[in-house]
Amino acid sequence: IRWVEQNCSSAFDKNGNIIGYRVSLREITNRKNFETELNQTNKILNDERKLFSHGNIAVFKWKNQANWPVDYASENVSNILGYTPDEIKSSEYPYSGLIHPDDIERVVGEVEFNSISKNDKFEHKPYRLICKDGSIIWVSDYTIIQRNDNYEIEYYLGYIVDITKRIIAEQALKTSKAQI
């Protein structure tokens with residue numbers, strides 16, 4: 001099957017009567033195949049976005065600057081942390097300021113270690129974040145380091161998963177085993 005694009009125009013005599021048609025055909029199969037592939041890719045990306053837009057996962061893009069200011073946060077960050085994406089992206093709430101004081105040194109060390117060792121991705125050990133209402137949640141953090149052609153870090157792209165319920169369950173299990 002070949003796709004074609006047809007252009008047709010009328011030819012008129014000096015009195016305005018149609019005397020014929022000019023028709024041109026151009027083969028556009030490659031363009032149609034590309035459009036189909038692009039539509040399928042967009043559908044997959046939208047489906048992936050839906051997976052992250054509900055539930056306990058938020059996607060982030062952090063700038064490679066002190067305190068990791070947020071350049072992008074998915075809409076559902078408000079369900080997890082209580083901040084709107086615009087609040088999270090403002091200078092008032094740098095990401096490092098959301099990390100629990102007892103965890104910040106370790107998290108900074110993990111970022112520095114993986115950045116210096118030229119890793120392209122890493123997973124943090126679970127750490128705590130302070131929500132807008134002051135509550136504390138535990139998160140897993142999976143990060144990809146985006147580097148330019150000179151291998152300099154441009155930004156960090158990743159997602160956090162709220163694992164608070166799992167941590168509480170693990171702590172309860174340890175407590176119950178200790179009492180036995």
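# Reading strands, salt bridges and a core

Student: Which residue stands opposite L129 in β7?

Tutor: L129 faces I137 there. This is a predicted model: local features need pLDDT of at least 70, side-chain atom pairs count only at pLDDT 80 or more, and totals for chains, interfaces and linings use all residues. Residues are numbered from 1 along each chain as its sequence is written, and side-chain values use heavy atoms, with hydrogens and water left out.

Student: How do I read strands and their pairing?

Tutor: Start with the elements. Helices (H or I, at least four residues) and strands (E, at least two) are DSSP runs, numbered from the N terminus. Two strands pair if DSSP finds at least two bridges between them. Now take β7, residues 136–147. Strand β6 (residues 127–130) runs antiparallel to β7, with four bridges joining them. β5 (residues 121–123) also pairs with β7 in the antiparallel sense, over three bridges. There, K121 has I144 as its bridge partner.

Student: How many bridges connect β7 and β8?

Tutor: Nine, again in the antiparallel sense, with β8 covering residues 153–162. In this pairing, Q146 is opposite Y155 of β8.

Student: What lies between the strands in these hairpins?

Tutor: Look at the turns. β6 and β7 have five residues between them, and G134 takes a positive phi near 95 degrees. The hairpin of β7 and β8 also has five residues between its strands. In that turn, Y151 has a positive phi of about 65 degrees.

Student: How do I spot a salt bridge?

Tutor: Side chains of opposite charge can pair when their charged atoms come close. The cut-off is a side-chain nitrogen of Lys or Arg within 4 Å of a carboxyl oxygen of Asp or Glu. The structure holds 13 of them. One joins E27 to R2, with 3.5 Å between the closest N and O atoms. This pair links distant parts of the chain, 25 residues apart: E27 is in β2 (residues 18–27), and R2 is in the segment before β1 (4–12).

Student: Where do E35 and R31 lie?

Tutor: Both are in helix α1 (residues 29–53), four residues apart, about one turn of the helix. Elsewhere, salt bridges that share partners join E5, R26, R31, K32 and E35 into one network.

Student: How do I read a nonpolar core?

Tutor: In soluble globular proteins, nonpolar side chains tend to be buried together. Here a core is a set of buried Ala, Val, Leu, Ile, Met, Phe, Trp, Tyr and Cys residues joined through side-chain atoms within 4.5 Å. The largest one has 27 residues, of which F60, L81, I88, Y95, L129 and I160 touch the most other members. Elements giving two or more residues to this core include β3, α5 (104–116), β6, β7 and β8.

Student: Which residues is Y95 in contact with, leaving aside neighbours within four places in sequence?

Tutor: Contact means heavy atoms within 4.5 Å. The partners of Y95 are F60, W62, N67, W68, V70, Y127, L129, D141 and I160.

Notes
Buried means under 20% relative accessible area, exposed over 50%, partly exposed in between (1.4 Å probe, protein chains only).
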